[in-house]
Amino acid sequence: MDDFKLVGTGAAVFEDGRETEGPVRFLDSPQAVIDFIGSGEASNTIVVARGGTTTFLTPALTAGVKGIVTLQGAPTSHLGILSREYGIPCVMGVTFTEGVRSSRNEIIPADGAIARLDVSTKEGRVLIEPGAPVDDAPLPDPTEEETAAAAMMEQILPLLHQFGGTIPHGRAGDEQVRAGLSSGVLALTAENTARDLTVQELNALQTYMAWNIWDFLALRATEGESGLIPRQEYECFGCVQQWLRYPAFYRLILEQVGVEGLIDLGRTARREPASKANMLHIWCTGFTPMFGRAILGELGIRDPAADAEDVALVAQFMRRLYMGMWEKEGAELFTSMRGYKGAVLDRSWIERFARDAQPVGDGERRALFTSFNASTEVLGFLLHFDNRSGLNDSGPYDLGDGRFMIVRDHFLHDPMYHWHDVAEQLPHCFTQAMIFDTGGADLDVALMDGGTTFTEPANYLQYLQSAAVYVRERWETPAAEIRLIDDAEMQRYLDICGPATTALYKRIASMPPRDKIMAGAQVYYSEFVVPFARLAGVWEQMRDELDFHELDPVASEAYYPLVRDGLGKQLVAKLFITGTGFPALPEGALIDVPLAALHPLVLRGTRESLEQASLLEEAGLVVKTSAGYIPTEAGLAKHASLLAAEQGTLDRDTLEAIYERFLAANGPFKALGARWQSAAEDDRWELVGELADLVERVEPALRRTSELLPRFDGYAPRLSAALEKVEAGEHDYVTSPRLESLHTVWMELHEDYLQTLGISREEEGSY
């Protein structure tokens, strides 16, 4: 067997000196995975899969395959994390030099051929037995789509290792990014968490956030397709839905508990293990909705310069939760700024866990704990549709004598999701306290802000010394009732996990693609606000009165380009890798500008003079041209935001009824205007009386509108002033667009009604 031939190299998830050998099986669909598990051959087989996502190979992981090889992906992907937890040798991102052809003309080893995995170094190697089948037929020419994808990947690869082509991952990258920022927004103080942030502070925060998420997730962009769950599509769609709806939910929570109360909600991460009000979810309260803002901008649906107030709200919501979690004046915001340390829990918990921990040894108890850890983790991933919200680590906690603890939560049951019925015999959360002793060996432990532990070298479980496992039965179970379980109960729960995982996998595999996307989006949309709404006591109000589960119309508009046109896959990689996921706000975006200052200009499009012109110019909302003042893109976005806020307070039914009375006069006014244009000068005097009647006819509607919206007060006097000019013989004051004519004022009034009610002139058919 020494003449095995090297046929591919990739990245080893963890290093292990033992060689793994067995027959190969290529799995390219969920049904193929199900059939393979039913064959009973899993424990002797090395499986080959296309992508690097966890859930596609879930049953293969739980069945204990001998090894894993993927054509795409990186060790930091979800599958990499889980193969590490199971201790299954895994080589990712392999390009084979010879073999047979898949249905997509990929080169792969033939099913049944004996392969050998060498993961003794970071470069994993795949070798094949002599005489394994080889297809030497020339490959077909790549399609235009494949050529474009390859060219894009060639451009992307350098950006996976250096942010913007210049800033590295890790501690060196953190220092470099921070060195370029002058704002103190990355430090949490009582002063800067109590007040509103400035545009400069928000942009500095977003600059760091762009690097931070790249540092955590950039390499995941290579993991490729799932084969089971279209995660990139649902993530994009879920982020968009978050951005459109989370601000209203955040305001409701703030109205209920106040700023200090929100900071106290953040303390839950300190006070309670087994709570989704944890580091991962706090991080996502800011990162994922603001990512949705960038996606809408990329789609051309919404200007990223709009909604500056919402950017400020979301950023401070996240920062205030962090303030409670770290509970220290001047605390650095993210773990990437703290040496990748996330020792969040109060010391009393760590002391309790240390007292309860029992040695794992090298025999049956180690095998039980390792299996329990991996099986509950993979089920958590599957229940949460292949995202990390079912997992959260904190630590490392220094125990002295070279020992440290990692505390890990696996969330397995939440009645909010209908498919969690497969896990109804399982508790809401398992908490694992794991104590490690490296014996002086060099082990670098990094706790990422997304609640995930990475180590160098990766096979950290070899240093596991002792452990304890706890249960929180339901999310609302008091923290004081979190209880320790013994090995027998661990085994009982482990026996439930396997069938639950298989049942859920089969159910998801049978779902239509849209159902998978909507279920995944529900997870993404729910996870990062519901835990805090529950703690604030507003979840039922949010669900029932604010129609939590309803889709925003703009999100529905984004669905088709993200899914049907495939932009979701492209945008996830682009925004992560290029750092464009957090667009800067324009200067002055948060200057307090009243609607009345911008509204008259937007109604007309240009004005020679403008009240508060200097304020609006300073804010970058208007510019002066030879034709007069015109609104900038930021000005239009600001106006839209202010108008939307006003619309939220309107008695719309009453205003629509008044508008119908205006429309009853509008048609005759337009017809009279057309007759005026063609009438001889002497004949026009006969029409002046009709104009006066129409002005008088519309005045009751204006009076009633002004009772709802005082800014409509000015229209009646302006119409009367124009009419006086007409009656005095100045007939240009009927239709001239250069004057404050009846036509000018009437058209502006009509446009004001349309904008206030959000009615499209084209849809209404009024021009």
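User: What makes S15 and S16 a hairpin?

Analyst: S15 and S16 have two residues between them, and aspartate 401 in that turn has a positive phi of about 60°. The two strands pair in the antiparallel sense over seven bridges, and pairing takes at least two bridges found by DSSP. One of the partners is histidine 410 in S16, bridged to leucine 391. By the way, this is a predicted model: local features need pLDDT of at least 70, side-chain atom pairs need 80 or more, and totals for chains, interfaces and linings use all residues. Numbering runs from 1 along each chain as its sequence is written, and side-chain values use heavy atoms, leaving out hydrogens and water.

User: Why is S15 called largely enclosed?

Analyst: Buried means under 20% relative accessible area (1.4 Å probe, protein chains only). Eight of the ten residues of S15 are buried, so the rest of the structure largely encloses that strand.

User: What makes H10 roughly antiparallel to H11?

Analyst: Their packing angle is about 170°, with the axes 9 Å apart. Angles over 145 degrees count as roughly antiparallel, so H10 and H11 get that label. Residues making the contact (heavy atoms within 4.5 Å) include Trp283 of H10 and Tyr322 of H11. The contact residues divide into 15 nonpolar, two polar and one charged.

User: Which residues touch the most other members of the largest nonpolar core?

Analyst: Among them are Trp283, Tyr322 and Met542, in a core of 191 residues. A core like this is a set of buried Ala, Val, Leu, Ile, Met, Phe, Trp, Tyr and Cys residues joined through side-chain atoms within 4.5 Å. Helix H8 gives the most, with 16 residues.

Note on methods
Axes fitted to C-alpha atoms, helices over the stretch in contact; angles between N-to-C directions. Helix = DSSP H or I, 4+ residues; strand = E, 2+ residues; numbered from the N terminus. Parallel < 35°, antiparallel > 145°, perpendicular 65-115°, else oblique. Nonpolar A, V, L, I, M, F, W, Y, C, P; charged D, E, K, R; others polar. Buried < 20%, exposed > 50% of the residue type's maximum accessible area, 1.4 Å probe, protein only.
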